[in-house]
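Take a moment to look over the model shown here.

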Amino acid sequence: MATSIIDIQKVSHSYFRDDIEIPVLKQLTLNIEPASFVALLGPSGSGKTTILNLMAGFDRPMHGRISINQINVSQLSERQLARWRAKAIGFIFQFYNLIPVLTAAENVELPLLLTSLSRAQRAKHVATALRLVGLGDRMTHYPRQLSGGQEQRVAIARAIVMDPAILLADEPTGNLDSEAAEEIMILLQRLNAEQGKTIVLVTHDLEAAQRATTICKLQKGRLV
């Protein structure tokens, strides 16, 4: 049996509002195999985004263990975590988070500026990423010159430009119309099937979730 690329064991996590503890995840165990496409489906407040943040190392679990490619990410220092995250994880947000004064190519290039790649090498990586998302002809366009769906494609290109094994997508179609949302989901399916990316998708939309190969339903911090 293949070794899990994401191994979550008995993870519990809470947030605090003043002195009040608000439990979000409760003894969650989840194993995700390499090159799988998993949708985490559930209502707001069920813990979906918290799981993604823990996987990416943005937060650390209060209890339990999260291993990515057999690395216990909660034991990494902040510097180690930032270095690991840049190479291992591509994060796709609902609201794109593009910088409006940069072109599509310049937005995609941002993660590469932290590497030792030459300018020519960076340009090659950027062109490849934008071509993979179908925007090879939009490299010099600014976000304001793109549709919402195209902006999200640029964001996806930025997420894959370092060639990470794992893509974490937090409601990537939540800000799009139905046609653009379908195009983004087809793109994610392609990245999974053709590029072998392991994808974890957070959504409350059953139609989007059904594009994944596995659906995990969350309710009040537990898998149901």
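Start with alanine 165, which sits in the loop between helix 5 and strand 7. The model is a predicted one. Is alanine 165 buried or exposed, or partly exposed? Its relative accessible area is 34%. Buried means under 20% and exposed means over 50%, so alanine 165 counts as partly exposed.

What does alanine 165 touch, leaving out residues up to four places away in sequence? Its contacts are Ile5, Ala88, Lys197 and Thr198. Now find isoleucine 89. Along the chain, alanine 165 and isoleucine 89 are 76 residues apart. Their C-alpha atoms are separated by 6.7 Å.

Walk across from strand 6. Strand 6 pairs with strand 7 in the parallel sense, over 4 bridges. Here isoleucine 92 stands opposite alanine 169 of strand 7. Step on to strand 8. Strand 7 and strand 8 are parallel too, with 5 bridges in their pairing. Isoleucine 166 is placed opposite threonine 198 in strand 8. On the way to strand 3, another 5 bridges join strand 8 and strand 3, which run parallel. In this pairing, leucine 41 has threonine 203 of strand 8 as its bridge partner.

Leucine 41 also looks toward strand 9, where lysine 217 stands opposite. Strand 3 and strand 9 (residues 214-219) pair in the parallel sense over 4 bridges. Strand 9 and strand 10 pair in the antiparallel sense, over 2 bridges. Glutamine 219 has arginine 222 in strand 10 as its bridge partner. The two strands form a hairpin with 2 residues between them. In this hairpin, lysine 220 takes a positive phi near 50 degrees.

Go back to strand 8. How many of its residues are buried? The count is 6 of 6. Thr198, Val200 and Val202 point one way from the strand. Ile199, Leu201 and Thr203 point the other way, and all are buried.

Now look at how the nonpolar residues gather. In soluble globular proteins, nonpolar side chains tend to be buried together. The largest nonpolar core in this model has 38 residues. Val108, Leu130, Val133, Val154, Ile156, Leu188 and Leu191 have the most contacts inside it. Several elements give two or more residues to this core, including strand 3 (37-41), helix 4 (119-132), helix 5 (148-160) and strand 8 (198-203). Which element gives the most? Helix 6 does, with 7 residues.

Leaving out residues up to four places away in sequence, leucine 188 touches Phe37, Ile92, Ile156, Pro172 and Ile199.

Just after the helix comes glycine 57, with a positive phi of about 80 degrees.

Last, the empty spaces. Rolling a probe the size of a water molecule over the atoms shows where empty space is left. The largest pocket has a volume of about 340 Å³. Its lining holds 14 residues, and Ala86, Ile89, Phe91, Pro111 and Arg158 lie nearest its centre. Helix 2 (78-88), strand 6 (89-92) and helix 5 each give two or more residues to the lining. By class, 11 of the lining residues are nonpolar, 1 is polar and 2 are charged.

The second largest pocket holds about 190 Å³ of space. Residues lining it include Thr173, Asp177, Glu182, Met185 and Arg211. Helix 6 and helix 7 each supply at least two lining residues. Helix 6 gives the most, with 4 residues. How does this lining divide by class? It has 4 nonpolar, 2 polar and 5 charged residues.

Terms used:
Residues numbered from 1 in each chain as written. Predicted model: local features only at pLDDT ≥ 70, side-chain atom pairs only at ≥ 80, totals over all residues. Heavy atoms only, no water. Core = buried A, V, L, I, M, F, W, Y, C linked by side-chain atoms within 4.5 Å. Buried < 20%, exposed > 50% of the residue type's maximum accessible area, 1.4 Å probe, protein only. Contact = heavy atoms within 4.5 Å. 1 Å grid on protein atoms, 1.4 Å probe; cavity = no way out; pocket = protein on both sides within 12 Å on 5 of 7 lines; lining within 4 Å. Points joined across faces, edges and corners; volume = space filled by probe spheres on them. Nonpolar A, V, L, I, M, F, W, Y, C, P; charged D, E, K, R; others polar. Pairing = 2+ DSSP bridges.
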